[in-house]
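Hi,

Here is the structure I promised to pass on. Have a look at it first, and my notes follow below.

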Amino acid sequence: MDQQKELKLIQGTFSQEILACKNLKEAESLRIKYLGRAGLITELLKNIKNVAASDRPAFGNLVNQLKNEIEEKISQKIKELTEQAQQQKISEESIDVTLPGRGPKFGHSHPLTQIFNQIKEVFKTLGYTIAEGPEIETDYHNFEALNIPQHHPARDMFSTFFVGDNLVLRTHTSPVQIRVMEKQKPPIKVIAPGRVYRRDALDLTHAPVFHQVEGLVVAEGITFGDLKGTLAYFLRQIFGPERKIRFRPSFFPFTEPSAEVDVECIICNGQGCRVCSGTGWKEILGAGLVHPNVLEIMGLDSEKFTGFAFGAGIERIAMFKYGIDDIRLFFENDLKFLEQF
Amino acid sequence: MLYPIEWLKELVDIKVPLKELAEILTNHCFEANLTEAFGQPCLDVEVLPNRGDCLSIIGLAREIAATTKTRLKNNKSKKILVEGSEIKKYISVEVKDKKLCPRYLASFITGVKISPSPEKIQKRLLTAGIRPINNVVDATNYVLLERGQPLHAFDADKITGGKIIVRTAAPDETIITLDGEKRQLTPEMLVIADAQKPVALAGIMGGSQSEVSLATKNILLESAFFQPYSIRKTSSALGLRTEASMRFEKGVDFENVLTALAEATFLIQEFAGGRIVAGLANVTDQKDYLPRKIRLRVKKTAEILGISISTPEIKRILESLGFQLISAKNDEFCFLVPAWRWGDIKREIDLIEEIARLYGYEKFPETLPKVNVPVKEAPQTENLTQELRNLLLGFGFNEAINFSLGASKDLDLLSLPAGHTWRQTVVLKNPLTEDQTLLCPTLLIGLLKNLAFNQNRQNREAALFEIGRTFLNKRQYEEELKLVVGIMKKEADFFEIKNILENILEKSGLKNFSIQKAAKPFLHPGQGAEIFAGSENLGFIGELHPKVKENFGLMNSVFILEISLEKISQIKTPQKIFKPLPQFPQVFRDLAVVVDKKTPYSQIKGAIKESAGEFLESVAFLTYYDGPQVPQGFASLAFSLVFRHPERTLKDGEVAEIHQKIIKTLEQRFEAKLR
């Protein structure tokens, strides 16, 4: 009978203590107090031998019942307290999400590189390979093999830096056409992007160093219509499918027939403005069928093969496309410029 | 060139509105714009370099007639010079070099009165940018502009001995030209001379001594054809370009030489009075300038253009341009090239271009070539360039592009000593400005200038890179593709840029590379290194030398690296092969030793790997400490070691044994002390 009273006492005390339990530490102390090695319930179970044999089973049950109750209640308390603590932590971790992010920002490739890459992509889809050539060129590759003999008025079209005996800084990427044709027999389908040099004073629209991309296709059965189609496709990819394009006659010593290709001015939509000098058009490409003289200099049968070639200025395309009005900006590399692209 | 509409209208019917005319010319001929000069409407035309025939009112008039399908006006009464030998009393002409001057004609006018030419004439000259001088000279320039034939009027009384000799200059001969300059002549230069001396630079400029002045009474008028190549050569040698030389160097109209002479002679008489002496001097050898016949195949035309143009249309187009049909058989035409197109129509393709442009480029279909070309590999450096560019962009670097031109003072800014390799530069023979006289041997020059530029525009910190070619002139001209990277920051250290380098080299597929301390004139002597792949020197890395920093006006810390992409792309990188993942657990051990500061980390790491044997899977750098807790001149290096056996779990004892072996080796080799 004593034991039963003791049980009731323990149960009562526990009920009060579990209620008052405020944190995990206290909960653990409680667990030890009642269920630990020297805990009250444990002691009770140990002393069950002091209970009358006939009462033992019933008493044992009651004790176990209480033990389970206490275990459960402590577990629950621990669960509650853990959850509470978690919620507390969560609410303390609230932040101002509108503050800026931290860490390095991505870098910007140069706008000229971006135009180059766009152009390379377009021609990659058409199956062109990339070709390269030296920037220091021979007079032969830069002029003579391109049907521009010594003392020919056409040389006026290219103000030239001279480097050594019959060596120049290439004035256009066209010499790469010659280099390709020297190494490869038709069919040929290449583009040659690269740096070129002109002996021009630096101003808003001219620079002594700039960039071009050259294209060359030589095979049997290439027509002027193929040239037109290729260039129209290219220009629409770069400037948009809605842009009007104009092909008109021109002259290059290494092409015949020759053409210049204009794109409708994107600034004024062809109405005429400062950018397009009031004409509504911006000249973007020079092109033509490869002159049979050039094919013949390369040792090719001009009756069997025809080809076309084209060239475009990268700075010019970039200035037009992005609305940049001063070519010098490309070479100053001001972060405020580079980060715009 | 400017073409007054009123003048054009005297020579050709203009039936379309002027704005439309400009558009038609642009689409079929040359770029043309409607504009104004001296209150008169004009066409401003960009005459293409191969169309010397259009550097005249009649030339453009012909194009207008052809492109607008109208006719040239035939209203000018054709004046001809009276045949006769009277002229022989006044002047004799000898042409010594008929190759350089295949046609020389002259007329003679006596008793002229020099005065200003009529206002209408002066205005038309001014519109073309030619200064009116007097009625005689203006008459010649008027005919030059209208007909495209340059003529020269001499004061006949200043021609010694009544003789004109067309010859090449004698060595050391000189002439004072109309502009007052004394010209040194060389034996390839063609001159017009009298019995004693040169009186004109043939086809370029007259001599001042025989120029027509107020006192002139008698005129010798010259009209000739000079070999284009010779005129061009002389013109560029003397740096003298004139309205005359511009036309001669493209080849004038051989037949028009005579008609223009007649026109100009009568015009001079009209403006200045006087009497035209009967006859004309004529030395002509046309054998190299006979009219050209060119065969045109209709089928070939269609093949090349990609469009079929009817035979009647082809005939109509070419005839409207002045080509004369000589024969037509089956598919082949034969056309006679008009004299004024001698300069630019030489073969069949030139005729095909005429057909195409008059027909209209806008009418051509847009097709794509049907070519099957086996795809070739891009140049070796292309892929590498793209990969490294993307890598650097990912690390937050912006890409710069600079001129490859510099000057030797830029090399001085880099503190390069006199014999340095980089001083063997490629030099321009004809630089335009003194700060661009050579090709840069390194991309550093451009990059450091960019950093300074940005600093001075309040971008105090910057991370830039450039990929470009550098140039050297050793035994031959060398171009090399390189990558330069620069970090400009208030607080930066060497290992930041070293991290970039390690990433670059790894991305490039290089497994075996080493960094070795090196002294370079532009790098901080204690923080500079060279980069090696095996024995190949790829470039350098380090902090910018304080002196160089000062030279470029840079204030914050600057770290740079430059490597040769050319060299890297040539190093064969092994194919990636999968290594099976390890099955058994790792054992981690840390190790810290105190060593003499001068012992490089790489050596210690090497020793650890060597002594540990095959079960040391990796050794990584943890920390470097040289603070007060270690003795002066010493540093503590900490490593993180990972051991693993490929076939079973390593026992603690085994690991301890290896660990001991490592420590013993370090103690013996470097006097290292365990920390």
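Let's start with Tyr104(B). Leaving out residues up to four places away in sequence, Tyr104(B) touches Val93(B), Val95(B), Phe154(B), Ile164(B), Val166(B), Ile192(B), Glu222(B), Ser223(B), Ala224(B), Ala281(B), Asn282(B) and Val283(B) (contact means heavy atoms within 4.5 Å).

Before going on, some ground rules: this is a predicted model, where local features need pLDDT of at least 70 and side-chain atom pairs count only at pLDDT 80 or more, while totals for chains, interfaces and linings use all residues. Residues are numbered from 1 along each chain as its sequence is written, chains are lettered from A in the order in which they are written, and side-chain values use heavy atoms, with hydrogens and water left out.

Tyr104(B) is also among the residues with the most contacts inside the largest nonpolar core, which has 124 residues. Such a core is a set of buried Ala, Val, Leu, Ile, Met, Phe, Trp, Tyr and Cys residues joined through side-chain atoms within 4.5 Å, buried being under 20% relative accessible area (1.4 Å probe, protein chains only). A second, separate core of 120 residues includes Val261(A) and Ile317(B).

Now the interface. Chain B puts 80 residues into the contact and chain A 89 residues. About 7,300 Å² is buried between them, with carbon and sulfur atoms giving 56% (the accessible area, 1.4 Å probe, that two parts lose on being put together, summed over both). In chain B, Tyr361(B), Ile401(B) and Phe403(B) lose the most area to chain A.

Cheers

Methods
Buried means under 20% relative accessible area, exposed over 50%, partly exposed in between (1.4 Å probe, protein chains only).
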